[in-house]
Amino acid sequence: MNLDLLETFGQNYPEDFDGALDCVSIAVTCSFNRQGTLLAVGCNDGRIVIWDFLTRGIAKVINAHVHPVCSISYNRNGRKLLSAATDNTVSVWNVLTGECDRVFRFPSPVLKVQFHPRNSDQFLVCPLKHAAVLMTVEGSHELIPLDEDSDLNIVASFDRRGKFIYTGNAKGRILVFTAGKLELQASFRVTTGTLNTTAIKSIEFARRGECFLVNSADRIIRVYESGEVLACGKDGEPEPIQKLQDLVNKTLWKKCCFSGDGEYIVAGSARQHSLYIWEKGVGNLVKILHGTKGELLLDVVWHPVRPIIASISSGLVSIWAQNQVENWSAFAPDFKELDENVEYEEHESEFDIDDEDKEKEEAKGPDAEDTEVDVTTVEAIQAFVSSDEDDEDYTALLYLPVSPEIDEPEEGWQALAEARKSDQGAVTQAEDPPVVQEKKRNLPQPETTPPAKKKKTKPVEIDLPDAPFDEIHPLLNVKKPQEKSQQRKQSRPAKPRTSKPEKSRHRAKDESYSLKENV
(Lines give C-alpha, C1' and ligand atoms only; values in the text may rest on other atoms or scores of the structure.)
Protein backbone atom coordinates (compact mmCIF):
# COMPACT_ATOMS: atom_id res chain seq x y z
CA MET A 1 0.00 0.00 0.00
CA ASN A 2 1.55 3.27 -1.11
CA LEU A 3 0.31 5.85 1.38
CA ASP A 4 2.02 8.69 -0.45
CA LEU A 5 -0.53 8.36 -3.27
CA LEU A 6 -3.34 8.68 -0.71
CA GLU A 7 -1.89 11.95 0.62
CA THR A 8 -4.35 14.81 0.31
CA PHE A 9 -3.02 18.29 -0.33
CA GLY A 10 -6.03 20.00 1.24
CA GLN A 11 -7.67 19.44 4.61
CA ASN A 12 -6.78 16.29 6.51
CA TYR A 13 -10.11 15.53 8.20
CA PRO A 14 -13.31 13.76 7.09
CA GLU A 15 -16.16 15.76 5.60
CA ASP A 16 -19.06 13.43 4.85
CA PHE A 17 -20.79 10.15 5.68
CA ASP A 18 -19.21 7.22 3.82
CA GLY A 19 -21.43 4.26 4.67
CA ALA A 20 -22.05 2.00 7.65
CA LEU A 21 -20.79 -1.39 8.83
CA ASP A 22 -23.55 -3.74 10.02
CA CYS A 23 -22.28 -6.38 12.45
CA VAL A 24 -25.71 -8.12 12.54
CA SER A 25 -25.68 -7.71 16.34
CA ILE A 26 -25.60 -4.37 18.18
CA ALA A 27 -22.14 -2.72 18.14
CA VAL A 28 -20.94 -1.17 21.41
CA THR A 29 -17.21 -0.36 21.09
CA CYS A 30 -14.49 -0.51 18.42
CA SER A 31 -10.73 -0.19 17.95
CA PHE A 32 -8.29 -0.08 15.00
CA ASN A 33 -5.03 -1.99 14.83
CA ARG A 34 -1.82 0.05 14.58
CA GLN A 35 -1.80 0.09 10.76
CA GLY A 36 -5.53 0.72 10.39
CA THR A 37 -6.13 -2.35 8.22
CA LEU A 38 -8.35 -4.20 10.73
CA LEU A 39 -11.24 -2.84 12.81
CA ALA A 40 -12.38 -4.86 15.83
CA VAL A 41 -15.97 -4.23 16.97
CA GLY A 42 -17.29 -5.45 20.32
CA CYS A 43 -20.99 -6.30 20.26
CA ASN A 44 -23.89 -6.49 22.67
CA ASP A 45 -24.17 -10.29 22.42
CA GLY A 46 -20.51 -10.80 23.45
CA ARG A 47 -19.11 -11.36 19.97
CA ILE A 48 -16.08 -9.57 18.51
CA VAL A 49 -16.40 -8.87 14.78
CA ILE A 50 -13.13 -8.10 12.96
CA TRP A 51 -13.58 -6.11 9.75
CA ASP A 52 -11.08 -5.90 6.90
CA PHE A 53 -11.20 -2.14 6.61
CA LEU A 54 -9.85 -1.96 3.05
CA THR A 55 -12.51 -4.25 1.58
CA ARG A 56 -15.17 -3.31 4.19
CA GLY A 57 -15.93 -7.00 4.74
CA ILE A 58 -16.07 -9.22 7.82
CA ALA A 59 -12.78 -11.13 8.14
CA LYS A 60 -13.47 -13.03 11.39
CA VAL A 61 -16.09 -13.39 14.10
CA ILE A 62 -14.93 -14.42 17.59
CA ASN A 63 -17.54 -15.72 20.05
CA ALA A 64 -15.72 -14.02 22.89
CA HIS A 65 -18.09 -13.38 25.81
CA VAL A 66 -21.61 -14.15 26.93
CA HIS A 67 -22.31 -10.60 28.09
CA PRO A 68 -21.80 -7.32 26.17
CA VAL A 69 -18.24 -6.28 25.29
CA CYS A 70 -17.51 -2.88 26.86
CA SER A 71 -13.83 -2.26 25.97
CA ILE A 72 -11.37 -3.55 23.39
CA SER A 73 -7.65 -2.99 22.62
CA TYR A 74 -5.07 -4.30 20.11
CA ASN A 75 -1.46 -4.98 21.04
CA ARG A 76 1.42 -3.44 19.08
CA ASN A 77 1.74 -6.02 16.28
CA GLY A 78 -2.01 -6.64 16.06
CA ARG A 79 -1.79 -10.38 16.79
CA LYS A 80 -3.40 -10.17 20.25
CA LEU A 81 -6.72 -8.62 21.21
CA LEU A 82 -7.72 -7.60 24.73
CA SER A 83 -11.43 -7.45 25.58
CA ALA A 84 -13.52 -6.70 28.66
CA ALA A 85 -17.17 -7.63 29.18
CA THR A 86 -19.88 -6.49 31.58
CA ASP A 87 -19.64 -9.81 33.50
CA ASN A 88 -16.33 -8.58 35.04
CA THR A 89 -14.13 -10.76 32.79
CA VAL A 90 -11.06 -9.70 30.78
CA SER A 91 -9.80 -11.98 27.99
CA VAL A 92 -6.74 -12.11 25.72
CA TRP A 93 -7.43 -13.45 22.19
CA ASN A 94 -5.29 -14.71 19.35
CA VAL A 95 -6.56 -12.72 16.35
CA LEU A 96 -5.31 -15.19 13.71
CA THR A 97 -6.81 -18.34 15.22
CA GLY A 98 -9.65 -16.77 17.24
CA GLU A 99 -8.69 -18.81 20.31
CA CYS A 100 -8.65 -17.51 23.87
CA ASP A 101 -5.22 -17.36 25.52
CA ARG A 102 -6.14 -16.03 28.96
CA VAL A 103 -9.25 -15.16 30.98
CA PHE A 104 -9.21 -13.03 34.13
CA ARG A 105 -12.23 -12.50 36.39
CA PHE A 106 -12.41 -9.34 38.49
CA PRO A 107 -14.65 -8.82 41.53
CA SER A 108 -16.05 -5.51 40.21
CA PRO A 109 -17.10 -4.25 36.75
CA VAL A 110 -14.30 -3.28 34.34
CA LEU A 111 -14.64 0.06 32.54
CA LYS A 112 -11.55 0.08 30.31
CA VAL A 113 -8.67 -2.16 29.22
CA GLN A 114 -5.53 -1.09 27.32
CA PHE A 115 -2.51 -3.03 26.07
CA HIS A 116 0.96 -1.62 26.79
CA PRO A 117 2.06 0.27 23.62
CA ARG A 118 5.39 -1.59 23.43
CA ASN A 119 5.17 -4.64 25.75
CA SER A 120 2.47 -7.17 24.80
CA ASP A 121 2.82 -8.96 28.16
CA GLN A 122 1.40 -6.00 30.13
CA PHE A 123 -1.96 -4.29 30.09
CA LEU A 124 -3.93 -1.77 32.12
CA VAL A 125 -7.34 -2.41 33.71
CA CYS A 126 -9.64 0.27 35.15
CA PRO A 127 -12.24 -1.33 37.48
CA LEU A 128 -15.31 0.56 38.69
CA LYS A 129 -14.78 2.49 41.96
CA HIS A 130 -11.32 1.02 42.46
CA ALA A 131 -7.70 1.91 41.80
CA ALA A 132 -6.34 1.10 38.33
CA VAL A 133 -4.55 -2.26 38.00
CA LEU A 134 -1.35 -2.97 36.03
CA MET A 135 -1.62 -6.60 34.89
CA THR A 136 0.66 -9.12 33.22
CA VAL A 137 -0.49 -11.93 30.93
CA GLU A 138 0.76 -14.48 33.51
CA GLY A 139 -1.76 -13.13 36.04
CA SER A 140 0.35 -11.02 38.41
CA HIS A 141 -0.99 -7.55 39.16
CA GLU A 142 -0.05 -4.30 40.88
CA LEU A 143 -2.33 -1.54 42.10
CA ILE A 144 -1.47 1.95 40.88
CA PRO A 145 -1.22 4.24 43.95
CA LEU A 146 -4.04 6.67 44.74
CA ASP A 147 -3.84 10.33 45.64
CA GLU A 148 -6.45 9.86 48.36
CA ASP A 149 -7.86 6.56 49.55
CA SER A 150 -11.37 8.00 49.71
CA ASP A 151 -11.53 8.90 46.01
CA LEU A 152 -11.91 5.77 43.86
CA ASN A 153 -13.35 7.07 40.56
CA ILE A 154 -10.12 6.54 38.62
CA VAL A 155 -9.36 6.75 34.89
CA ALA A 156 -5.93 5.70 33.64
CA SER A 157 -3.97 5.47 30.40
CA PHE A 158 -0.48 4.64 29.12
CA ASP A 159 1.41 7.42 27.40
CA ARG A 160 2.45 7.11 23.73
CA ARG A 161 5.44 4.81 24.36
CA GLY A 162 4.33 3.19 27.60
CA LYS A 163 7.01 4.80 29.80
CA PHE A 164 4.47 6.51 32.09
CA ILE A 165 0.94 5.89 33.34
CA TYR A 166 -1.37 8.88 33.74
CA THR A 167 -4.28 8.63 36.22
CA GLY A 168 -7.11 11.08 36.92
CA ASN A 169 -9.72 11.15 39.69
CA ALA A 170 -13.07 12.81 40.41
CA LYS A 171 -11.40 15.77 42.13
CA GLY A 172 -9.50 16.87 39.02
CA ARG A 173 -6.15 15.52 40.19
CA ILE A 174 -3.84 13.95 37.56
CA LEU A 175 -0.87 11.82 38.68
CA VAL A 176 1.98 10.57 36.49
CA PHE A 177 3.72 7.30 37.47
CA THR A 178 6.59 5.40 35.88
CA ALA A 179 5.31 2.23 34.22
CA GLY A 180 8.09 0.10 35.72
CA LYS A 181 8.30 0.86 39.44
CA LEU A 182 5.09 2.96 39.73
CA GLU A 183 6.96 5.93 41.21
CA LEU A 184 5.23 9.31 41.22
CA GLN A 185 6.93 11.64 38.72
CA ALA A 186 4.53 14.57 38.37
CA SER A 187 1.09 15.73 39.49
CA PHE A 188 -1.22 18.67 38.88
CA ARG A 189 -4.85 19.66 39.34
CA VAL A 190 -7.29 20.59 36.59
CA THR A 191 -9.24 23.63 37.79
CA THR A 192 -11.99 25.77 36.33
CA GLY A 193 -11.92 29.56 36.19
CA THR A 194 -13.32 29.87 39.73
CA LEU A 195 -10.64 27.54 41.21
CA ASN A 196 -13.23 24.77 41.55
CA THR A 197 -12.10 21.26 40.67
CA THR A 198 -13.78 19.14 38.00
CA ALA A 199 -13.94 15.36 37.60
CA ILE A 200 -11.68 13.72 35.00
CA LYS A 201 -13.66 11.54 32.56
CA SER A 202 -10.89 10.30 30.22
CA ILE A 203 -7.25 10.81 29.21
CA GLU A 204 -6.21 10.22 25.57
CA PHE A 205 -2.75 10.43 23.95
CA ALA A 206 -1.83 11.34 20.37
CA ARG A 207 -0.02 8.80 18.18
CA ARG A 208 2.34 11.53 16.95
CA GLY A 209 3.87 14.24 19.11
CA GLU A 210 3.87 14.66 22.88
CA CYS A 211 0.35 15.96 23.43
CA PHE A 212 -2.52 14.44 25.40
CA LEU A 213 -6.05 15.61 26.08
CA VAL A 214 -8.12 15.56 29.26
CA ASN A 215 -11.91 15.29 29.01
CA SER A 216 -13.48 16.63 32.19
CA ALA A 217 -17.00 17.02 33.58
CA ASP A 218 -17.04 20.80 33.06
CA ARG A 219 -17.55 20.21 29.27
CA ILE A 220 -14.04 21.53 28.40
CA ILE A 221 -11.36 19.48 26.59
CA ARG A 222 -7.87 20.55 27.70
CA VAL A 223 -4.76 19.74 25.65
CA TYR A 224 -1.42 19.46 27.49
CA GLU A 225 2.16 18.69 26.50
CA SER A 226 3.56 15.73 28.42
CA GLY A 227 7.08 17.24 28.41
CA GLU A 228 5.85 20.36 30.19
CA VAL A 229 3.84 18.29 32.71
CA LEU A 230 6.92 16.21 33.60
CA ALA A 231 9.09 19.33 33.80
CA CYS A 232 6.70 20.95 36.32
CA GLY A 233 7.08 17.95 38.63
CA LYS A 234 4.91 17.22 41.65
CA ASP A 235 2.13 19.71 42.46
CA GLY A 236 2.98 21.64 39.32
CA GLU A 237 0.74 24.05 37.43
CA PRO A 238 1.13 23.36 33.71
CA GLU A 239 -1.00 25.49 31.42
CA PRO A 240 -3.06 23.76 28.72
CA ILE A 241 -2.02 24.69 25.19
CA GLN A 242 -5.68 24.54 24.07
CA LYS A 243 -9.13 24.61 25.66
CA LEU A 244 -11.85 23.26 23.42
CA GLN A 245 -15.59 23.45 24.08
CA ASP A 246 -18.97 24.00 22.46
CA LEU A 247 -19.78 27.55 23.53
CA VAL A 248 -23.30 27.50 22.03
CA ASN A 249 -24.82 24.22 23.25
CA LYS A 250 -22.45 23.52 26.19
CA THR A 251 -22.17 19.92 25.02
CA LEU A 252 -21.04 17.16 27.36
CA TRP A 253 -18.48 14.95 25.57
CA LYS A 254 -18.89 11.17 25.43
CA LYS A 255 -15.55 10.27 23.79
CA CYS A 256 -12.56 12.29 22.50
CA CYS A 257 -9.47 11.27 20.51
CA PHE A 258 -6.66 12.62 18.31
CA SER A 259 -6.25 12.17 14.58
CA GLY A 260 -3.55 9.83 13.27
CA ASP A 261 -1.05 12.67 12.77
CA GLY A 262 -2.06 14.40 16.02
CA GLU A 263 -3.07 17.63 14.25
CA TYR A 264 -6.84 17.34 14.82
CA ILE A 265 -9.10 16.41 17.74
CA VAL A 266 -12.55 14.86 17.40
CA ALA A 267 -15.12 14.79 20.21
CA GLY A 268 -18.46 12.99 20.20
CA SER A 269 -21.47 14.54 21.88
CA ALA A 270 -23.13 12.66 24.75
CA ARG A 271 -26.59 13.99 23.78
CA GLN A 272 -26.77 13.14 20.09
CA HIS A 273 -24.83 11.64 17.17
CA SER A 274 -22.65 14.70 16.43
CA LEU A 275 -18.88 14.84 15.94
CA TYR A 276 -16.94 18.07 16.48
CA ILE A 277 -13.50 18.40 14.86
CA TRP A 278 -10.95 21.02 15.98
CA GLU A 279 -7.52 21.91 14.67
CA LYS A 280 -5.09 21.40 17.54
CA GLY A 281 -2.56 24.08 16.57
CA VAL A 282 -5.09 26.93 16.26
CA GLY A 283 -7.95 25.64 18.39
CA ASN A 284 -10.67 26.56 15.88
CA LEU A 285 -13.67 24.36 15.08
CA VAL A 286 -13.28 23.20 11.47
CA LYS A 287 -16.16 20.73 11.01
CA ILE A 288 -19.30 19.34 12.64
CA LEU A 289 -20.51 15.95 11.38
CA HIS A 290 -24.17 15.24 12.12
CA GLY A 291 -25.59 11.72 12.25
CA THR A 292 -29.21 10.67 12.39
CA LYS A 293 -31.31 12.70 14.84
CA GLY A 294 -32.31 10.93 18.01
CA GLU A 295 -29.34 8.55 18.03
CA LEU A 296 -26.99 8.37 21.01
CA LEU A 297 -23.24 8.05 20.47
CA LEU A 298 -21.36 5.18 22.13
CA ASP A 299 -17.79 5.30 20.77
CA VAL A 300 -15.55 7.26 18.38
CA VAL A 301 -12.15 6.26 16.92
CA TRP A 302 -9.94 7.96 14.31
CA HIS A 303 -8.11 5.89 11.70
CA PRO A 304 -4.37 5.68 12.59
CA VAL A 305 -3.17 6.74 9.12
CA ARG A 306 -5.97 8.20 7.00
CA PRO A 307 -8.57 10.97 7.57
CA ILE A 308 -11.36 8.53 8.45
CA ILE A 309 -13.50 8.39 11.60
CA ALA A 310 -15.58 5.44 12.83
CA SER A 311 -18.43 6.18 15.24
CA ILE A 312 -20.95 3.83 16.86
CA SER A 313 -24.62 4.64 17.39
CA SER A 314 -27.84 2.59 17.25
CA GLY A 315 -25.80 -0.61 16.92
CA LEU A 316 -24.14 0.41 13.63
CA VAL A 317 -20.59 1.56 12.88
CA SER A 318 -20.75 4.78 10.83
CA ILE A 319 -17.77 5.68 8.64
CA TRP A 320 -16.91 9.33 7.94
CA ALA A 321 -14.40 10.15 5.19
CA GLN A 322 -13.49 12.70 2.53
CA ASN A 323 -15.27 13.13 -0.78
CA GLN A 324 -13.08 11.49 -3.42
CA VAL A 325 -12.77 13.73 -6.47
CA GLU A 326 -11.16 12.24 -9.58
CA ASN A 327 -8.26 14.39 -10.67
CA TRP A 328 -6.68 12.79 -13.73
CA SER A 329 -4.17 15.61 -14.23
CA ALA A 330 -2.45 14.47 -11.01
CA PHE A 331 -1.43 11.21 -12.74
CA ALA A 332 -0.36 12.70 -16.11
CA PRO A 333 1.04 16.24 -16.17
CA ASP A 334 0.21 16.63 -19.90
CA PHE A 335 -3.41 15.65 -19.35
CA LYS A 336 -5.86 18.53 -19.78
CA GLU A 337 -9.45 18.40 -18.57
CA LEU A 338 -11.84 19.90 -21.15
CA ASP A 339 -15.24 21.34 -20.38
CA GLU A 340 -16.32 21.10 -24.01
CA ASN A 341 -15.10 19.60 -27.31
CA VAL A 342 -12.05 21.31 -28.83
CA GLU A 343 -10.91 20.83 -32.41
CA TYR A 344 -7.50 19.17 -32.42
CA GLU A 345 -4.74 20.63 -34.60
CA GLU A 346 -2.25 18.05 -35.81
CA HIS A 347 1.41 19.09 -35.87
CA GLU A 348 3.36 18.56 -39.07
CA SER A 349 6.00 16.34 -37.46
CA GLU A 350 3.73 14.55 -35.00
CA PHE A 351 3.99 11.11 -36.63
CA ASP A 352 7.59 11.42 -37.93
CA ILE A 353 10.19 8.96 -36.69
CA ASP A 354 12.66 11.77 -36.05
CA ASP A 355 11.10 14.97 -34.83
CA GLU A 356 12.86 17.83 -36.62
CA ASP A 357 11.09 20.55 -34.63
CA LYS A 358 12.06 19.11 -31.27
CA GLU A 359 14.68 21.11 -29.42
CA LYS A 360 17.93 19.33 -28.82
CA GLU A 361 18.43 18.27 -25.20
CA GLU A 362 21.43 19.56 -23.37
CA ALA A 363 24.29 17.10 -23.23
CA LYS A 364 24.36 15.28 -19.93
CA GLY A 365 27.38 14.01 -18.03
CA PRO A 366 29.17 10.82 -19.08
CA ASP A 367 27.83 8.88 -16.09
CA ALA A 368 24.21 9.90 -16.58
CA GLU A 369 23.23 6.79 -18.55
CA ASP A 370 25.15 4.42 -16.27
CA THR A 371 23.22 5.35 -13.10
CA GLU A 372 21.79 2.25 -11.44
CA VAL A 373 18.24 2.38 -10.12
CA ASP A 374 17.65 0.35 -6.96
CA VAL A 375 14.41 -1.62 -7.41
CA THR A 376 14.98 -4.26 -4.71
CA THR A 377 15.27 -2.23 -1.50
CA VAL A 378 11.94 -1.83 0.27
CA GLU A 379 11.76 1.46 2.13
CA ALA A 380 9.80 1.61 5.37
CA ILE A 381 6.42 3.37 5.26
CA GLN A 382 6.87 6.36 7.52
CA ALA A 383 3.26 6.25 8.71
CA PHE A 384 3.89 2.81 10.23
CA VAL A 385 7.23 3.70 11.88
CA SER A 386 7.61 5.55 15.17
CA SER A 387 10.01 8.47 15.48
CA ASP A 388 12.42 6.39 17.60
CA GLU A 389 12.48 3.47 15.14
CA ASP A 390 14.25 2.96 11.83
CA ASP A 391 12.32 0.01 10.44
CA GLU A 392 8.82 -1.40 10.34
CA ASP A 393 7.53 -4.21 12.51
CA TYR A 394 7.47 -7.05 9.98
CA THR A 395 5.74 -9.37 12.48
CA ALA A 396 2.61 -7.18 12.40
CA LEU A 397 -0.64 -8.82 11.35
CA LEU A 398 -2.07 -6.63 8.58
CA TYR A 399 -4.74 -8.89 7.08
CA LEU A 400 -6.65 -12.04 7.94
CA PRO A 401 -7.03 -14.98 5.54
CA VAL A 402 -10.68 -15.48 4.62
CA SER A 403 -11.83 -19.09 4.21
CA PRO A 404 -15.12 -19.73 2.38
CA GLU A 405 -17.88 -21.09 4.58
CA ILE A 406 -20.74 -23.20 3.16
CA ASP A 407 -23.78 -22.28 5.23
CA GLU A 408 -26.38 -24.33 3.34
CA PRO A 409 -24.84 -27.04 1.12
CA GLU A 410 -26.91 -28.38 -1.74
CA GLU A 411 -29.10 -31.44 -1.23
CA GLY A 412 -27.29 -34.72 -1.80
CA TRP A 413 -23.86 -33.02 -1.66
CA GLN A 414 -22.48 -35.45 0.94
CA ALA A 415 -23.97 -38.50 -0.81
CA LEU A 416 -22.42 -37.36 -4.09
CA ALA A 417 -18.99 -36.95 -2.44
CA GLU A 418 -19.20 -40.42 -0.84
CA ALA A 419 -20.27 -41.96 -4.18
CA ARG A 420 -17.27 -40.39 -5.89
CA LYS A 421 -14.94 -41.77 -3.22
CA SER A 422 -16.41 -45.28 -3.55
CA ASP A 423 -16.12 -45.13 -7.37
CA GLN A 424 -12.47 -44.11 -7.10
CA GLY A 425 -11.83 -46.96 -4.65
CA ALA A 426 -13.50 -49.50 -6.95
CA VAL A 427 -11.48 -48.31 -9.93
CA THR A 428 -8.15 -48.55 -8.07
CA GLN A 429 -9.13 -51.95 -6.66
CA ALA A 430 -9.94 -53.25 -10.15
CA GLU A 431 -6.62 -51.99 -11.47
CA ASP A 432 -4.58 -53.67 -8.71
CA PRO A 433 -3.53 -57.32 -9.13
CA PRO A 434 -5.19 -59.92 -6.81
CA VAL A 435 -2.10 -60.26 -4.53
CA VAL A 436 -2.01 -56.51 -3.83
CA GLN A 437 -5.78 -56.48 -3.17
CA GLU A 438 -5.38 -59.24 -0.56
CA LYS A 439 -2.55 -57.32 1.21
CA LYS A 440 -4.71 -54.17 1.33
CA ARG A 441 -7.56 -56.10 2.97
CA ASN A 442 -5.23 -57.44 5.70
CA LEU A 443 -3.92 -53.92 6.53
CA PRO A 444 -5.51 -52.26 9.62
CA GLN A 445 -8.09 -49.64 8.62
CA PRO A 446 -7.49 -46.09 9.94
CA GLU A 447 -9.90 -45.13 12.72
CA THR A 448 -11.99 -42.03 12.16
CA THR A 449 -11.55 -39.79 15.18
CA PRO A 450 -14.08 -37.05 15.94
CA PRO A 451 -12.81 -33.46 15.71
CA ALA A 452 -11.20 -32.27 18.91
CA LYS A 453 -13.19 -29.78 20.96
CA LYS A 454 -11.76 -26.37 21.68
CA LYS A 455 -10.08 -26.11 25.05
CA LYS A 456 -12.02 -23.98 27.48
CA THR A 457 -9.64 -21.53 29.16
CA LYS A 458 -9.94 -21.58 32.93
CA PRO A 459 -10.47 -18.07 34.32
CA VAL A 460 -7.91 -16.66 36.75
CA GLU A 461 -9.53 -14.99 39.75
CA ILE A 462 -8.04 -11.56 40.51
CA ASP A 463 -8.27 -10.64 44.17
CA LEU A 464 -8.63 -6.89 44.67
CA PRO A 465 -8.83 -5.61 48.26
CA ASP A 466 -11.84 -3.40 49.11
CA ALA A 467 -13.38 -3.88 45.64
CA PRO A 468 -17.15 -3.28 45.43
CA PHE A 469 -18.95 -6.58 44.76
CA ASP A 470 -22.54 -5.42 44.25
CA GLU A 471 -21.92 -2.78 41.57
CA ILE A 472 -23.66 -2.86 38.18
CA HIS A 473 -21.76 -1.92 35.03
CA PRO A 474 -22.74 1.57 33.75
CA LEU A 475 -23.42 0.09 30.30
CA LEU A 476 -26.18 -2.08 31.79
CA ASN A 477 -27.47 0.60 34.14
CA VAL A 478 -28.59 3.02 31.42
CA LYS A 479 -32.14 4.11 32.19
CA LYS A 480 -34.58 4.93 29.42
CA PRO A 481 -36.37 8.31 29.46
CA GLN A 482 -39.74 6.59 30.13
CA GLU A 483 -38.32 4.81 33.19
CA LYS A 484 -36.84 8.08 34.45
CA SER A 485 -40.19 9.88 34.13
CA GLN A 486 -41.96 7.00 35.93
CA GLN A 487 -39.42 7.13 38.74
CA ARG A 488 -39.90 10.88 39.05
CA LYS A 489 -43.67 10.42 39.29
CA GLN A 490 -43.26 7.73 41.94
CA SER A 491 -40.77 9.82 43.93
CA ARG A 492 -43.13 12.82 44.09
CA PRO A 493 -45.16 12.94 47.36
CA ALA A 494 -48.89 12.43 46.87
CA LYS A 495 -50.84 15.66 47.36
CA PRO A 496 -53.64 15.44 50.01
CA ARG A 497 -57.09 15.66 48.50
CA THR A 498 -58.94 18.86 49.29
CA SER A 499 -62.62 18.97 50.24
CA LYS A 500 -63.44 21.58 47.60
CA PRO A 501 -64.98 19.22 45.07
CA GLU A 502 -67.15 17.66 47.81
CA LYS A 503 -68.41 21.10 48.80
CA SER A 504 -69.28 21.85 45.22
CA ARG A 505 -71.23 18.57 45.01
CA HIS A 506 -73.15 19.43 48.16
CA ARG A 507 -73.86 22.87 46.78
CA ALA A 508 -75.15 21.35 43.56
CA LYS A 509 -77.42 18.98 45.56
CA ASP A 510 -78.77 21.83 47.69
CA GLU A 511 -79.48 23.87 44.60
CA SER A 512 -81.35 20.94 43.00
CA TYR A 513 -83.46 20.46 46.12
CA SER A 514 -84.33 24.16 46.21
CA LEU A 515 -85.34 24.00 42.55
CA LYS A 516 -87.64 21.02 43.24
CA GLU A 517 -89.28 22.80 46.20
CA ASN A 518 -89.91 25.88 44.07
CA VAL A 519 -91.48 23.74 41.36
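**Reading charges and buried residues**

Author: Asp235 counts as exposed, because its relative accessibility is 56%. Please keep in mind throughout that the model before us is predicted.

Reader: How should I read such a percentage, and what makes Asp235 exposed?

Author: A residue counts as exposed when its relative accessible area is over 50%, as buried when that area is under 20%, and as partly exposed in between. Asp235 has 56%, so the residue belongs to the exposed class.

Reader: Which residue does the side chain of Asp235 meet in a salt bridge?

Author: Side chains of opposite charge can pair when their charged atoms come close. In this structure, Asp235 meets Arg173 in a salt bridge, at 2.5 Å from N to O. Asp235 lies in the loop between helix H1 (226-232) and strand S21 (242-244), whereas Arg173 lies in strand S16, so the pair ties together parts that are 62 residues apart in sequence.

Reader: Is Arg173 itself buried or exposed?

Author: Arg173 counts as buried, because its relative accessibility is 12%.

Reader: With which other residue does Arg173 form a salt bridge?

Author: Arg173 also pairs with Asp147, where the closest N and O atoms are 3.4 Å apart. Asp147 is in the loop between strand S13 (141-143) and S14, and Arg173 is in strand S16 (residues 173-178), so this pair joins parts 26 residues apart in sequence. At 34% relative accessibility, Asp147 counts as partly exposed.

Reader: How many salt bridges does a search of the whole structure find?

Author: The search finds 11 salt bridges. One of them joins the side chains of Lys80 and Asp101, with 2.4 Å from N to O. Lys80 belongs to strand S7 (residues 80-85) and Asp101 to strand S9 (residues 100-105), so the pair ties together parts that are 21 residues apart in sequence. Lys80 counts as partly exposed because its relative accessibility is 25%, and Asp101 is partly exposed at 30%.

Reader: Where does Asn33 lie, and which backbone nitrogen lies 2.9 Å from its side chain?

Author: Asn33 lies in the loop between strand S2 (27-32) and strand S3 (38-43). The backbone nitrogen in question is that of Thr37. Asn33 is buried, because its relative accessible area is 1%.

Reader: Which positive residues gather in a patch on the surface?

Author: The patch of positive charge consists of Lys201, Arg219, Lys250, Lys254 and Arg271. Consider Lys254 as one of them. Lys254 lies in strand S22 (residues 253-258) and counts as partly exposed because its relative accessibility is 42%.

Reader: How may I compare distance along the chain with distance in space? For example, how many Å separate the C-alpha atoms of Val317 and Val28?

Author: One sets the count of residues between two positions beside the distance between their C-alpha atoms. Val317 and Val28 are 289 residues apart along the chain, and their C-alpha atoms are separated by 9.0 Å. Val317 is in strand S28 (residues 316-321) and is buried, because its relative accessible area is 0%.

Reader: What are the two separations for Leu82 and Trp93?

Author: Leu82 and Trp93 are 11 residues apart in sequence and 6.4 Å apart in space, C-alpha to C-alpha. Leu82 lies in strand S7 and counts as buried, because its relative accessibility is 0%. Strand S7 is also where Lys80 of the salt bridge with Asp101 lies.

Technical notes: Residues are numbered from 1 along each chain as its sequence is written. This is a predicted model: local features need pLDDT of at least 70, side-chain atom pairs count only at pLDDT 80 or more; totals for chains, interfaces and linings use all residues. Side-chain values use heavy atoms; hydrogens and water are left out. Patches are made of residues with over 30% relative accessible area and no salt bridge: like charges are joined within 9 Å, nonpolar side chains (Val, Leu, Ile, Met, Phe, Trp, Tyr) within 5 Å. Accessible areas come from the Shrake-Rupley method with a 1.4 Å probe; for residues, only the protein chains shown count as cover. A salt bridge is a side-chain nitrogen of Lys or Arg within 4 Å of a carboxyl oxygen of Asp or Glu. Lys and Arg count as positive and Asp and Glu as negative; His and the chain ends are not counted. The place of a charge is taken as NZ of Lys, CZ of Arg, CG of Asp or CD of Glu. Helices (H or I, at least four residues) and strands (E, at least two) are DSSP runs, numbered from the N terminus. Buried means under 20% relative accessible area, exposed over 50%, partly exposed in between (1.4 Å probe, protein chains only). A polar contact is a pair of N or O atoms within 3.5 Å; within protein, one must be able to donate a hydrogen and the other to accept it, and residues adjacent in sequence count only if both atoms are side-chain atoms.
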